[in-house]
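Biologist: I've got a new model to look at, and I'd like to go through it with you. Please show it first.

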Amino acid sequence: MEMKIRLDDPRFDLSGTFDGTVDTAPALATAAVHAGRHDLRHLGVHAPPLDLSTTYPLLDPLAGTASLDAMAAGGEPQGNSVYGRLHNPTVARFEAGLAELEGTSSSVAFASGMAALTACLLAAKQRHGGHHVIAVRPLYGGSDHLLNSDLLGLETSWVQADAVAAALRPETALVIIETPANPTLQLVDIAAVVRQAGEVPVLVDSTFATPVLQQPAQLGAALVLHSATKFLGGHGDVLAGAVACDASWATLLRQVRLITGAILHPLGGYLLHRGLATLPMRVERASLSAEQLARRLQGHPVVRKVFHPNLLTGGLAHLVGQQMRHGGAVLAFELAADEAATRSLLQYLELITPAVSLGSVDSLIQHPASLTHRVVDAAAQEEGGIHGNLLRLSVGLEAVDDLWLDLDRAIHRAVEPSRVLTR
Ligand SMILES: *Cc1c(COP(=O)(O)O)cnc(C)c1O
C-alpha cells in the first residue's frame with residue numbers, strides 16, 4: 001500500500017527548501033489557514049461569525065419540516081439550523097476545516113474527547129448491532145476506564161496490536177487503537193491493524209499526532225478521534241472532541257450527538273477553528289523541541305529511560321517518517337529515583353506547569369501513575385509501562401534552551417540535592 005504521508009511530502013514540508021517543482025495540492029500549512037472558511041467571502045466577512053443562537057426563526061412557519069427531519073436523521077440542515085442542539089454554523093465550519101485536514105469527507109464535533117469516544121461506541125453498536133469491542137492497550141486513562149466499565153453495555157477484549165485478528169467475533173462492532181499512545185508514546189501500525197480487522201471498522205485516537213503528523217483515515221481507519229482539548233485547540237482554553245470520518249459515519253454520529261446532547265458550544269467551535277490556522281506551525285515547532293529535549297534527557301545522568309517515537313530503534317521505528325511525519329510534541333521519561341523523588345520534581349519547575357492535559361502553547365508536565373492513569377488498574381498500569389518514576393512532558397512553544405534549563409535544574413533538585421546547580 002502506498003503511504004500517503006512521507007517525510008518528503010510537499011504538503012508537510014515546512015523547511016522552506018524549494019526544489020523547483022510545485023505541487024498542485026495545497027500544502028498543509030496553506031490548507032490549515034483556509035480550511036472551513038470557503039463561504040466567508042460569499043458572506044462578506046473576513047473572520048468566521050460566532051453564532052450563539054440556540055434557536056433559529058423558521059423561515060416559512062407554514063412550510064414542511066424538511067430541515068428538521070433531515071437533521072433528526074443526522075443529516076445536514078436544508079435551509080437554516082432550526083435548533084442549536086441539531087446544528088450550529090460556527091461549529092460546522094470547524095468540522096469542515098478539520099475534515100479537510102484529515103482528508104475525510106466529514107467530521108463531527110463534541111463537548112469533549114470522552115463525549116466523542118462515547119458517541120463512536122454508541123454509533124458502532126447501532127451500526128453493527130454487536131456489543132463487542134476490541135481495544136489495544138495502552139489507551140488514554142479515561143478511554144480505558146470507559147471501556148472497562150459496563151456503562152454502555154459493551155464487552156471489551158484487550159489484546160496486543162498483533163492479536164486483533166484472533167480476537168474478532170461476529171459481534172465485534174469496533175476496534176480501538178491509540179497512536180502514539182498515552183503516556184509512553186508507543187506506536188501502533190495503523191495499516192496493519194486495519195488489515196487484521198477486515199470488515200470491522202477501526203477507530204484511531206490520533207490526539208497526540210494531529211492531522212499535521214498523521215492522517216489515519218488515509219491508512220484505512222474509519223474513525224479518527226481527537227481530544228480537541230489538546231493540540232487542535234492548542235491554547236488550553238477549550239474542552240472539545242472531534243471525529244473525522246466518512247459521510248455515513250457522520251450521519252450516525254450526529255444522530256447520537258443530538259439524542260445525547262453532547263454538543264460543542266459554538267464558542268468552542270469558534271476557538272477550535274481559529275486554532276486550526278496555526279496548527280501546523282505549532283505542532284511542527286513543539287515536535288522539533290520535544291525531540292531535542294528527548295535527546296538531551298537521554299544523556300542525562302539521572303534519567304533512566306526516555307520515550308519519544310523519534311528515539312525508537314528497530315521494531316516499529318520505521319513508522320516514524322511513514323505513518324507519522326514526526327514523533328510529535330509529547331515525551332515521557334523515567335528518573336533513576338523512587339516515586340516520591342519523581343513527584344517532588346514537579347515542585348521545582350518554574351517555567352513548565354505541573355498539570356494534566358497536553359498540546360498547549362505552554363509546556364505541561366504530569367505524573368501519570370498518580371494523575372491521568374490512576375483509574376487504570378495495577379496490572380494494566382504495569383502492562384502500559386506506567387511506573388512510579390515516570391513523568392510525561394507535553395512540550396510547548398517556549399525556547400527549547402529555557403525548557404532544558406528548567407527541567408535540568410528541577411531534576412537535579414529532585415534526585416540529587418547535593419548537586420543542585422544555581423544560576
Ligand atoms: C485527553 C484525551 C482524551 C479525552 O479527551 P477530553 O477532551 O479530556 O474528554 C482522549 N484521548 C486522548 C489521547 C487524550 O489525550
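Biologist: What is the volume of the largest pocket?

Modeller: This is a predicted model, so local features need pLDDT of at least 70 and side-chain atom pairs count only at pLDDT 80 or more, while totals for chains, interfaces and linings use all residues. Residues are numbered from 1 along each chain as its sequence is written, and side-chain values use heavy atoms, with hydrogens and water left out. On a 1 Å grid over the protein atoms alone, a pocket is an open set of points with protein on both sides within 12 Å along at least five of seven lines. Points are joined across faces, edges and corners, and a volume is the space filled by probe spheres set on them, which for the largest pocket comes to about 480 Å³.

Biologist: Which residues lining the largest pocket are the closest to its centre?

Modeller: A lining residue has an atom within 4 Å of a grid point. The largest pocket has 29 of them, divided into 17 nonpolar (Ala, Val, Leu, Ile, Met, Phe, Trp, Tyr, Cys, Pro), five charged (Asp, Glu, Lys, Arg) and seven polar (the others, Gly among them). The closest to the centre are A161, Q186, L187, V188 and L316.

Biologist: Which element gives the most to the lining of the largest pocket?

Modeller: Helices (H or I, at least four residues) and strands (E, at least two) are DSSP runs, numbered from the N terminus. β4 (172-178), α8 (190-197) and β8 (303-307) each supply at least two residues. The top giver, with three residues, is α8.

Biologist: Between which domains does the largest pocket lie?

Modeller: The bounds come from an automatic or database domain assignment. Both domains give residues to the lining, so the pocket lies between domain 1 (28-276) and domain 2 (280-419).

Biologist: And what is the volume of the largest cavity?

Modeller: A cavity is a set of points where a 1.4 Å probe fits but cannot get out, and the search finds three of 30 Å³ or more. The largest is lined by residues including F231, R282 and L397. Its lining has five nonpolar, three polar and one charged residues, and its volume is about 50 Å³.

Biologist: How much of the ligand's accessible area does the protein cover?

Modeller: Of the 15 residues around the ligand (a heavy atom within 4 Å), G113, D205, S227, T229 and K230 come nearest. A ligand oxygen is 2.8 Å from an N or O atom in the side chain of S227. On its own the ligand has 380 Å² of accessible area (Shrake-Rupley method, 1.4 Å probe), and the protein covers 94%.

Biologist: In which loop is L185 found?

Modeller: L185 has a positive phi of about 60° although it is not a glycine. Most residues other than glycine have a negative phi. P183, which a cis peptide bond joins to N182, lies in the loop between β4 and α8. L185 is likewise found in the loop between β4 and α8.

Methods
Polar contact = N/O pair within 3.5 Å; in protein donor to acceptor, adjacent residues only side chain to side chain.
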